[in-house]
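Student: I have a model open and would like to understand the labels attached to it. Could we go through them together?

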Amino acid sequence: MRITTANVALQREVRALTAERDRLTKRLAAARDNARFADKRIAALEAQIAEQLTAPPS
């Protein structure tokens, strides 16, 4: 009986930890997507500034 109770508790903990891992994995993927978006935006703004600095005066 004690082993069965301990097993049920451990299975519950494994399910909770698996759910937490999945949640954190999704958050990490979203953070990486946001970082990639920011990197692309920064690169585009840098290119825009470089074009303005190298363009001949009007």
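Predicted model: local features only at pLDDT ≥ 70, side-chain atom pairs only at ≥ 80, totals over all residues.

Student: What makes the contact of Asp 22 and Arg 21 a salt bridge?

Tutor: The N to O distance is 3.4 Å. The cut-off is within 4 Å, so the pair qualifies.

Student: How do you know that Glu 20 and Arg 23 form a salt bridge?

Tutor: Their closest N and O atoms are 2.9 Å apart, and the rule asks for within 4 Å, so this pair counts too. Both residues lie in helix 1 (residues 2-54), three residues apart, about one turn of the helix.

Student: Are Glu 20 and Arg 23 buried or partly exposed?

Tutor: Glu 20 has 33% relative accessible area and Arg 23 has 41%. Buried needs under 20% and exposed over 50%, so each is partly exposed.

Student: What makes Arg 36 and Asp 33 a salt bridge?

Tutor: Here the closest N and O atoms are 2.5 Å apart, and with the cut-off at 4 Å the pair therefore counts. By this rule the chain has three salt bridges.

Student: How does the chain's radius of gyration compare with that of a compact globule?

Tutor: A compact globule of 58 residues would be near 10 Å, but the chain has 25 Å. Its C-alpha trace spans about 85 × 10 × 5 Å along the principal axes, and the chain has one helix and zero strands.

How values were computed. Residues numbered from 1 in each chain as written. Heavy atoms only, no water. Helix = DSSP H or I, 4+ residues; strand = E, 2+ residues; numbered from the N terminus. Rg over C-alpha atoms; globule rule 2.2 N^0.38 Å. Salt bridge = Lys/Arg side-chain N within 4 Å of Asp/Glu carboxyl O. Buried < 20%, exposed > 50% of the residue type's maximum accessible area, 1.4 Å probe, protein only.
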